[in-house]
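Keep the sequence and the 3D view side by side as you read.

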Amino acid sequence: MNPLAAIGRAFLALLEAMGRLVLFAGVAVSHIVRPPFYPRVLLRQMVDIGYYSLPVVALTTLFSGMVLALQSHTGFARFSAEGAVAGVVSLAITRELAPVLAGLMVAGRVGASMAAELGTMRVTEQIDALSTLSTDPMKYLVAPRILAGFAMLPLLVLVGDIIGIFGGYIVGIYKLDFAPAAYIDQTWQFVEVRDVATGLVKAAVFGFLVSLMGCYHGYRSEGGAQGVGRAATDAVVSSAILILVFNYIITELFFAK
């Protein structure tokens, strides 16, 4: 019975962790919609998540669009369907690559930063000091970060859509010898509002998840410097896994027949 007992303990521990996360998320969301509010803290987090993440998201989507144009042209050339390159690049960027890659990049940059910052505040008892000063740590530290992640990642993805499609355009025009007017026309024919909207919905969900996991692991960290490092690692790994899982769930909701 020992193997079964070990499986049972692991399953119960998983349920316990999921319950703690759901309760943490519920408390954080409730603080987002209830006063008092901290607009300066929110603005600072929006700048940190949105503005300072723009270069890495732009580079990632630019080269993803360029590589996708090259690879799709190589594959479609076998079937004499090179004209579909523009449509495939635009659909892949808007539906999948821009939101997923932006989410993963922001998770690596912002999620780890949030976990490390809050973890350091936890192990140095700064969070306890906020409570002593009658300032709710969830409202002051967690709620602005989650709201900023939810709001800013769609803007990053929208910029990433434009830059990624532009990267495909550059390769298509200067490397694959497409006519500029024909490439742009194919892009407009294939891309619909639904495709862009789906990517933005994914981005909002991913932004919420990245901020939530960064705050959750940092807020609950313990054990000094080693615990802070573990919290940052757990935040990035859990954010990446949830991004991939929810990417499938949202795609199933929007495009399943």
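The model is predicted. Begin with the secondary structure. The protein has nine helices and zero strands. Read from the N terminus, its elements run α-α-α-α-α-α-α-α-α. The C-alpha trace spans about 65 × 55 × 35 Å along its principal axes.

Now look at one helix pair. Helix H2 covers residues 39-51, and helix H6 covers residues 137-174. Their axes lie 8 Å apart, and the packing angle is about 40°. H2 is therefore oblique to H6. The label follows from the cut-offs: angles under 35 degrees would count as roughly parallel, and roughly perpendicular starts at 65. The crossing of H2 and H6 is right-handed.

Which residues of H2 and H6 make the contact? From H2 come Val41, Leu42, Gln45, Met46, Ile49 and Gly50. From H6 come Tyr140, Pro144, Arg145, Leu147, Ala148, Gly149, Met152 and Leu156. By class, this contact of H2 with H6 holds 10 nonpolar, three polar and one charged residues.

Two of these names return in the cavity. Ile49 of H2 and Gly149 of H6 take part in the helix contact, and Ile49 and Gly149 also line the largest cavity. A search of the whole structure finds one cavity of 30 Å³ or more. The volume of the largest cavity is about 40 Å³. H8 gives the most, with three residues. By class, the lining of the largest cavity has five nonpolar, three polar and no charged residues.

Next come the pockets. How much space lies in the largest pocket? The volume is about 620 Å³. The largest pocket is lined by 24 residues. Nearest its centre are Ala17, Leu21, Met213, Tyr216 and His217. Helix H1 (2-33), H8 and helix H9 (224-255) each supply at least two residues of this lining. H9 gives the most, with eight residues. In the lining of the largest pocket, 15 residues are nonpolar, four are polar and five are charged.

Move on to the second largest pocket. About 400 Å³ of space lies in it. Of the 15 residues that line this pocket, Ile162, Ile165, Thr187, Trp188 and Val191 are the closest to its centre. The elements that give two or more residues to this lining are H6, helix H7 (180-190) and H8. Which element gives the largest share of the lining of the second largest pocket? H6 does, with six residues. The lining of the second largest pocket divides into 11 nonpolar, two polar and two charged residues.

H6 packs against H2.

Conventions
Residues are numbered from 1 along each chain as its sequence is written. This is a predicted model: local features need pLDDT of at least 70, side-chain atom pairs count only at pLDDT 80 or more; totals for chains, interfaces and linings use all residues. Side-chain values use heavy atoms; hydrogens and water are left out. Axes are lines fitted to C-alpha atoms, for helices over the stretch in contact, and angles run from 0 to 180 degrees between N-to-C directions. Helices (H or I, at least four residues) and strands (E, at least two) are DSSP runs, numbered from the N terminus. Angles under 35 degrees count as roughly parallel, over 145 as roughly antiparallel, 65 to 115 as roughly perpendicular and the rest as oblique. A crossing is left-handed if the near helix is turned anticlockwise from the far one by less than a right angle, and right-handed if clockwise. Contact means heavy atoms within 4.5 Å. Ala, Val, Leu, Ile, Met, Phe, Trp, Tyr, Cys and Pro count as nonpolar, Asp, Glu, Lys and Arg as charged, and the others, Gly among them, as polar. On a 1 Å grid over the protein atoms alone, a cavity is a set of points where a 1.4 Å probe fits but cannot get out, and a pocket is an open set with protein on both sides within 12 Å along at least five of seven lines; lining residues have an atom within 4 Å of a point. Grid points are joined across faces, edges and corners, and a volume is the space filled by probe spheres set on the points.
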